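Here is a short note for anyone opening this model for the first time.

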Amino acid sequence: MDIKKFCVTRSYTIMEVMQVFERNKERGVIVVGEEGKACGFLSMGDIIYALAEGKNIFSRIGQIYNPSFLYLREKDYEKALDIIKNRNVSMIPIIDENMYPTDIITMWELFRKMELK
C-alpha cells in the first residue's frame with residue numbers, strides 16, 4: 001500500500017482533502033509536515049465541524065486538523081479493533097518511532113480479517 005496517498009500537508013484546502021477522501025474511499029487523512037513526519041490527523045467529522053463553524057471549502061486545514069491523534073506503532077489488529085470499537089474511528093495510522101507514517105488499518109480491513117477467521 002502506498003501510504004503517501006493517505007497523507008496531506010497543512011497547506012491543503014478542505015476541498016483538496018475531500019478529493020483525497022473520495023479517491024481513497026476513506027474518511028480520514030494523516031497530516032504530515034514538510035519533512036514527511038506525521039503531525040496530526042484530519043477526519044470527515046473535523047471538516048464538518050469546521051464548516052459548521054464558518055470555514056469554507058477553500059480554507060486551509062492547518063487550523064482544523066487534530067495534532068493529538070490515535071495511532072499504533074505496528075499493525076496490531078487486536079489493538080486496532082479495540083480502538084475502532086471504543087473510539088468511533090474508521091482508520092488508524094501506523095506511525096514509526098520517528099513519526100513517519102508507514103501504513104494504516106481501516107475498519108474495512110478489520111472486517112475482512114474477521115471474516116477469514
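1. A word on the basis. This is a predicted model, in which local features need pLDDT of at least 70 and side-chain atom pairs count only at pLDDT 80 or more, while totals for chains, interfaces and linings use all residues. Residues are numbered from 1 along each chain as its sequence is written, and side-chain values use heavy atoms, with hydrogens and water left out.

2. Let us start with a pair of helices. Helix α1 spans residues 14-24 and helix α2 residues 44-52; helices (H or I, at least four residues) and strands (E, at least two) are DSSP runs numbered from the N terminus. The two axes come within 11 Å and cross at roughly 150°. Here axes are lines fitted to C-alpha atoms, for helices over the stretch in contact, and angles run from 0 to 180 degrees between N-to-C directions. α1 and α2 are therefore roughly antiparallel, a label used for angles over 145 degrees.

3. Which residues of α1 and α2 meet? From α1 come Ile14, Val17, Met18 and Phe21, and from α2 come Met44, Ile47, Ala50 and Leu51; contact means heavy atoms within 4.5 Å. The residues of this contact divide into 8 nonpolar, no polar and no charged. In this scheme Ala, Val, Leu, Ile, Met, Phe, Trp, Tyr, Cys and Pro count as nonpolar, Asp, Glu, Lys and Arg as charged, and the others, Gly among them, as polar.

4. Now look at α1 by itself. Its residues Ile14, Val17, Val20, Phe21 and Asn24 are buried, where buried means under 20% relative accessible area, exposed over 50% and partly exposed in between (1.4 Å probe, protein chains only). Seen down the axis of α1, the buried residues fall within an arc of 115°, so they line one face of the helix. That arc is taken from the directions from the helix axis to the C-beta atoms. On the other side of α1, Glu22 and Arg23 are exposed. As for what covers the buried residues, the list includes β1 (7-9), β2 (28-32), β3 (38-43) and α2.

5. An α-helix has 3.6 residues a turn, so residues three or four places apart point the same way.

6. Most residues other than glycine have a negative phi. Lys25, which follows α1, has a positive phi near 60° although it is a residue other than glycine. Lys25 sits in the loop between α1 and β2 and counts as exposed at 58% relative accessibility. Asn88, also not a glycine, has a positive phi of about 55°.

7. Where is Arg10? Arg10 belongs to the loop between β1 and α1 and is partly exposed at 35% relative accessibility. Arg10 and Ile61 are 51 residues apart in sequence, and their C-alpha atoms are 5.5 Å apart in space. Not counting residues up to four places away in sequence, Arg10 touches Val31, Val32, Gly33, Cys39, Arg60, Ile61, Gly62 and Tyr65.

8. Arg73 is placed in the loop between α2 and α3. Its relative accessible area of 43% makes Arg73 partly exposed. Which residues does Arg73 contact, leaving aside its neighbours within four places in sequence? They are Ile94, Ile95, Asp96, Glu97 and Met99. Between Arg73 and Met18 there are 27 Å in space, C-alpha to C-alpha, and the two are 55 residues apart in sequence.

9. Lys5 is partly exposed, with a relative accessible area of 46%. Leaving aside neighbours within four places in sequence, Lys5 is in contact with Val20 and Asn24, both of which are among the buried residues of α1. Lys5 and Tyr100 are 95 residues apart in sequence and 14 Å apart in space, C-alpha to C-alpha.

How values were computed:
Parallel < 35°, antiparallel > 145°, perpendicular 65-115°, else oblique.
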